[in-house]
Each structure stands twice: as structure tokens, then as C-alpha cells.
Amino acid sequence: MFRNYLKIAIRNLFRNKIGSLINVLGLSLGISACITMLLFVEYESSFDAFHKNADRTFRVVQHTKMPNETLYWNTTAYPLAEALRSDFPEFETVTQVSGPETRIFKITDSLGNINLFEESGVLFADNFYPKVFDVAWVAGNKDNALSGTASVVLTEELVQKYFHLSQGHYQDALGRTIMLQGKDPLTVTGVIKGPRGNSDHQYTMLIPYEFFRVNNSYYSSNWAGNYQGTTFTLLGQGTDKDALESKIDGWKKKYLELLDDQRIQYHLQPLKQVHNENLYGPSPGGYILPKNILDMAKVVALFVLLIALVNFVNLVTAQSHTRHKEVGVRKVMGSHRWQLIQQSFFENGLVIGIAALLSMVLVRGAIQFLNTHFTLMDLKLVFLPGHFIYILLVAVLAIVLGGLYPALVFSASNPVNVLKGKVQLKRNKTVDLRKGLVTVQFVIVQLFVIGAIILAFQLNHFRDHDLGFSKETTVITEIPDTEKRSVFEEKLLADTHFSEVAIGSGPPMAVSGFRLGTRFRQSGQA
């Protein structure tokens, strides 16, 4: 029976080549779009969940009450980490990081040639960092690689770029020296794999936090300001987070001045929520994607699949009238309706199966395209063997939803009327349902079209709106040495390429979610 169904299914596919091609392509595109969006949602929902202690890891965030609002910061004062580590045995580990920041490095190669490199992924991290987060070590001693003030841990990418070492020879990078800002020698004490794509901790090198502390004594000892320092904690087994937050609320007066103690509250944010929580904004060097956006993406993915299924059902039922004679003859010859339903299910299942196989190729291509061309975020989507289960589940769902109704329609013909040539062409429930499905399909498509038009208008507004200055002729850059900013300004003005120079504490917009500014309050206000 199976072989007979297969022969009939293949024969019908080749008999109606155009219709079969439309069915396969339409369904495969729908499945591919659905799977790609679901993989994107899974990727964006899994940030930093791969760390073995992710369930017990928390970021310390700060709520600062102002007269008219509350400010929510994902950065905290630099001295906080050491104080928490000393005063709270409830924390198994506390780590402090700063950055990532941009720095210039001078590398002298074996021939004596000097090369300058600008790196934007410089993260200052203490020796506790590898105890909280999973860092894949390739060479070096992870227990003391971040000790002292004159060491550096490089990723494989930088080892290849700086020293032209290939995999298997990374050990040779240990002991070599690179110059930070051309004046501070740092010895390579470790080589690690680069951070995974689904992590908010993106860096190309790790420099001991102690180096930052020594060279930035004002920032590292200032309890009143929170700059680009982030504190992460690893709670001990069985520790009550809420009780610990209450304890910290009463403890902070030990270090904060009275007004700061009244205004500032520290909270523990679960690591798994950092990437999808909009309240605190993106981490330095990272980005966020709120959970409601991901939920919307799931709905869109299901709607896309629904459109493809409705289109498939409509095409199959529209073609079913061409096979009324076949059904009539088979019923007269003794076929039961259940057998006809099985045959129809098998034929439609074969089409859906072919579409699912084609969608595997399309999904891989879509992922490659997004990773390469989607510049709004640094995507590193991967299609893993385990993701085949997504396509399998979607295919099963498509077979059930897209095969059931056509099978019932296919098997419902009255053999007597068919053999007499009295095929029912008048309006019936089948036609009405098909029209209903078409209406639903067009409603969903129109919603997508309206959304796309609104989005296009918004993007055009962002791109073409007058900002009050010329974007094409304005350049923003960091001052290499703040103590010599007047010299830097004079050098720029002496260059005929620059007509005007303005110096400020920071850019007039947020950079990676980090905003600079000053707030004022009246005397006596908390």
C-alpha cells in the first residue's frame, strides 16, 4: 500500500509540475522564514546562559532617586566590588570589570618593525573574573594570568594578528610584550578563545583591573560616581537574594555619604535577564533586545508559517476538483474513505517533506546572510544539529494542519454524482471555507504591509531628519591625553582640513547606552 501511495504521489507531482513547484517553494519559504526567526529569538534569549554558574550570577545595578525621577544604572562605583567581597560572606565571588574601551597598542615584530593597532575590545578585569564567567583558556595559567599590573591576556584572534602565530603555536605568545598607548609594557600571560556571540561580554583582550585602578585613582576610589565599571557577584549556594538586597541597603551607609545613602539603592539583577531587560539599558560595549520584541518576533514567525499553510491548503483544495473522477472510480472499486484520506495525507506530506528539506538549505543561507550583512548587531547565529528538531516539529505541524482539511475534501466526493458527470460546482462549504482562508491570509499580509510601510517611514525619518549640524563634515574623536587637550586643539586648528574644533567631556549623544551629563538639585533636596 505504501509503495502504491508513493507511485501515485510522484506521478501527480510530475503531472502538475507548476502547481507542485508553487506548493513546494511557497511552503519552504514560509518554513524557512519561521525557523530563521525562531532561531534568532532563541539566540537572543540565551545570552550568557551558557556559563556554568549563570543561575547564581548577578549584576549589581544602581537605582538613584532624583527629585523628579529615578535613574537606573547598569554601572556602579568602582570601590563597590572590593567592599562587597570583604563584608559579605554570602557572596562566593565578586568581580569588577571596566570597559570595554578603545586603546592603541604598539607591537614590534621580529624584524624590528613597529606596528600600531587600535583595539576597541579592551576589558579591564580582576583575577576573580574567570571564577565567575567561563573563559576558555588555550595557554597560560588562569589562576594568576590577571594578577599584577603589567600583564595581558589575548584572544586567539589577536595572537594571530599581532604575532602571526597559527593554531597549535599560541604557547609561543606567552612572555611577549605589547605597549599600551606606546608607553606601558604589558607581558602576555595567557591566550583564550574569543567570547561567544551570545554573550554581552565582548572583548579582544583582558588587562588586569589592578592596572586600571593604579592609573585611575580618582575613578577607582570614588563612591559618588559610576562610570564604566560593572560589578558581578556569584551568590553562595542557598543564598536568599531578596534578604541579601535588604542587608546591602542597610550596609551601604558605611561607605556612602548621607545624601548618597538616601538616594542610592543597589539591586541584584540575574545574569540571564541582563540582555533582555530594557530598564537598565545596554551594558558598556553591548546591546539589549527587550523580551517584548522577542515575543513579537515569535508571533510574526507563527503568522508567516500560518500564511504559508493557508496558501498551501488553498492551492491543494483548488486542485482537488481535477481528481474527482479518480476518487469516484476508487470508491466504486471498493476503496474506503479512510484509505483515500491516508493517500491524500501521504501525498501532501511528501510535498511538505520536500519543502522542509529545501528549507534546511534556505535557513543556512539566511543565517549566513544575517551574520554578514545585519550590521545593527554583531550576530553570530549558528545552525546546530539540534535545530533540525525545529524543522521537524514545524513539518509535522504543517502536515497536520495543511494535510487534514485537503484530505477530507479529497475523500468527500460522491461517486454516483461523479460518474454521472454531476460534479458539484455550486457554492458549498468547501468554497466558503477556502474564501475564508484567503480572507484571513490577506488580512495578515495587509497587517505586515502596513507595518513595513510604517517602519520604512520611521527609518527615513531617522536618516533624513535635520539634526542641526552637518553629519558629513563633523568628526568625533577621543582626546589621546586629557592633560594635553589644549595642545591637541592647537594641532587640529593648525591643520587646514579643520575649520572649527570643540572640546567637551563626552559626545552629545549616548555611546553604547552610556550617557554623560550633570544633574542639579536645589539645596536641601535629597
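D249 and K252 form a salt bridge in this predicted model, with their closest N and O atoms 3.3 Å apart. The model holds 17 salt bridges by the rule used here.

**D249 and K252**
- D249 is partly exposed, its relative accessible area being 33%.
- K252 has a relative accessibility of 4%, so this residue is buried, the limit being under 20%.

**E92 and R56**
- A salt bridge joins the side chains of E92 and R56, at 2.9 Å from N to O.
- E92 belongs to strand β3 (residues 91–108), whereas R56 is in the loop between α2 (17–45) and β1 (57–65).
- The pair therefore ties together parts that lie 36 residues apart in sequence.
- E92 is partly exposed at 47% relative accessibility, while R56 is buried at 16%.

**K291 and D295**
- The side chains of K291 and D295 also meet in a salt bridge, with an N to O distance of 3.3 Å.
- Both residues lie in helix α10 (residues 291–319), and their spacing of 4 residues is about one turn of the helix.
- K291 has a relative accessible area of 52%, so this residue counts as exposed, the limit being over 50%.
- D295 is partly exposed, with a relative accessible area of 31%.

How values were computed. Residues numbered from 1 in each chain as written. Predicted model: local features only at pLDDT ≥ 70, side-chain atom pairs only at ≥ 80, totals over all residues. Heavy atoms only, no water. Salt bridge = Lys/Arg side-chain N within 4 Å of Asp/Glu carboxyl O. Helix = DSSP H or I, 4+ residues; strand = E, 2+ residues; numbered from the N terminus. Buried < 20%, exposed > 50% of the residue type's maximum accessible area, 1.4 Å probe, protein only.
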